[in-house]
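Keep the structure open beside you as you read.

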Amino acid sequence: MYHPNMFESHHMFDMTPKSTSDNDLGITGSREDDFETKSGAEVTTENPSGEELQDPNQRPNKKKRYHRHTQRQIQELESFFKECPHPDDKQRKELSRDLNLEPLQVKFWFQNKRTQMKAQSERHENQILKSDNDKLRAENNRYKEALSNATCPNCGGPAAIGEMSFDEQHLRIENARLREEIDRISAIAAKYVGKPLGSSFAPLAIHAPSRSLDLEVGNFGNQTGFGGEMYGTGDILRSVSIPSDTDKPIIVELAVAAMEELVRMAQAVDPLWVSTDSSMEILNEEEYFRTFPRGIGPKPLGLRSEASRESAVVIMNHINLVEILMDVNQWSCVFSGIVSRALTLEVLSTGVAGNYNGALQVMTAEFQVPSPLVPTRENYFVRYCKQHSDGSWAVVDVSLDSLRPSTPILRTRRRPSGCLIQELPNGYSKVTWIEHMEVDDRSVHNMYRPLVHSGLAFGAKRWVATLERQCERLASSMASNIPGDLSVITSPEGRKSMLKLAERMVMSFCSGVGASTAHAWTTMSTTGSDDVRVMTRKSMDDPGRPPGIVLSAATSFWIPVAPKRVFDFLRDENSRKEWDILSNGGMVQEMAHIANGHEPGNCVSLLRVNVRHS
């Protein structure tokens, strides 16, 4: 009699040697599949005499010998199965004729094959589901533990789940996750560094090389990340040390709150932001303190609030943008005109899942206008990166001045500032930048005071304009179809070397005329009203410059001419002999022109001076 499970027994109907695969199946029975029924009478067997058994209930005296397919038959069946796993009657008959098999043999082979593939698929899906279930169980336990330790924001006592808003629950869960990451990183660092974390920040300050974005064009030796070590360390770098273990929970809570504030400010509209005549968005300070009453405290006496917002679409994908912002070397390089020096003091969290989601860094930086007449702004802050549920990324900075009780008079403080990055098609990104500072700028020279107060010197508009320009420059440096006269530069390598040299020149200029605390400017006595300031510094391990003493001189003056007209005058080789003493009055000829942007003035030129001999 036919048993309903007889064709599911592996040992009964495995007609292949142990060394062959499961696909080398002989004619075996199958369970019901795709509404096709079988019976025990459909099993093809052979008796020793070669005659077919007509009666399915007949039990021969001698042991049955089952038919086993040849290698060619199996290969043909496998090949057909890949194209059509459910052949119809006509196809089965054609296969049986071509392979010298019975139609029922072909039918059973396909039924068995489908059953086998279904079982393999189910096993694979079960493994995935089990792995996901284990992860969810662990995450659920972590959330339960975090919520069990939650406190009421009003009274400070234990809080029930229903007493907290969803946002508060989310923030506390995120806080607990970051605490775990901090403890793990701290333990690893203490183990491998071999000394207390607070003793030195040198082992943790060096970052790994860029994972994807080639910023070689802007690589300027040690200056990008360690300008303080190269030219002398300012007060802020001498006075700031690694945060203590007791400070770390405070830093995490501050970073999480700053992230929430940044995202809300980036998405807010009137009345929080007010548009000016110059198409800038500035902050309504009264509305800000009503919307964010907690924050990092009231504005200190003597400091002026400076806050702005700017948005733009840049030609760079969101992953590379995040990498630039979270790597101190790349960040200092891309924003070399704004960031005079920057240092990562400690990495509290490296992020999760192989990216910067959840990364947390304690940093110090110095922001500048390339002029000795505008003091730099020094900040000690935490930088936090997070990917949100809608796929956008945000990077936020917030000052940690409350952790420096011994700091002298506070001259600048960084409220939640940073950017929100949204992915766009074709490698573009939308960036919404917020810059919110509280500063004492009374020592700014009168000539630059309107520029600083307008927000164009340190505001969001300048950060975004710099980012747009650098993204365009990087795209141009990697492109191969940029127009331009390459008369004396005939190879892509030569073009790239020219762009590297130009970038080093820009960074050298910015570091040579800024008011960084690492430099000491001396004002020379002059007969006119203009101040001429000089500064000396040591040059060591500086690419393209021999070791020795570098002398810089700078002056600033006001002329009632539109900036573009001045720019066009300075970049025109025909007028260069009128102002450039290095040309010695000779004619200037442009030997090579490399465009690195869509604007005509965005280029690198190789010039030759033809001096006339009398």
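Ser 539 stands opposite Gly 548 in β15. This is a predicted model, where local features need pLDDT of at least 70 and side-chain atom pairs count only at pLDDT 80 or more, while totals for chains, interfaces and linings use all residues. Residues are numbered from 1 along each chain as its sequence is written, and side-chain values use heavy atoms, with hydrogens and water left out.

Strand β14 (residues 532–539) runs antiparallel to β15, and 8 bridges join the two. Both belong to an open sheet of 3 strands in the order β13-β14-β15, with antiparallel pairing; two strands pair if DSSP finds at least two bridges between them. Because β13 (522–524) and β15 (548–555) stand at the edges with a single partner strand each, one side of each has no neighbour in the sheet.

For the chain as a whole, there are 16 helices and 17 strands, which are DSSP runs numbered from the N terminus (helices: H or I, at least four residues; strands: E, at least two). Of its 614 residues, 44% count as buried. Buried means under 20% relative accessible area, exposed over 50%, and partly exposed in between (1.4 Å probe, protein chains only).

## Charged pairs

The count of salt bridges comes to 25, each being a side-chain nitrogen of Lys or Arg within 4 Å of a carboxyl oxygen of Asp or Glu. Here are three of them:

| Pair | N to O distance |
|---|---|
| Lys 130 and Asp 134 | 3.5 Å |
| Arg 411 and Asp 440 | 3.4 Å |
| Glu 503 and Arg 473 | 3.6 Å |

Lys 130 and Asp 134 are 4 residues apart in helix α4 (residues 103–148), so about one helical turn separates them. Lys 130 is exposed at 55% relative accessibility, whereas Asp 134 is partly exposed at 35%.

Glu 503 is buried at 5%, and Arg 473 is buried at 7%. Since Glu 503 lies in helix α15 (residues 492–513) and Arg 473 in helix α14 (residues 460–478), their pair ties together parts that are 30 residues apart in sequence.

Finally, a network of salt bridges links Arg 304, Glu 306, Arg 377 and Asp 441.
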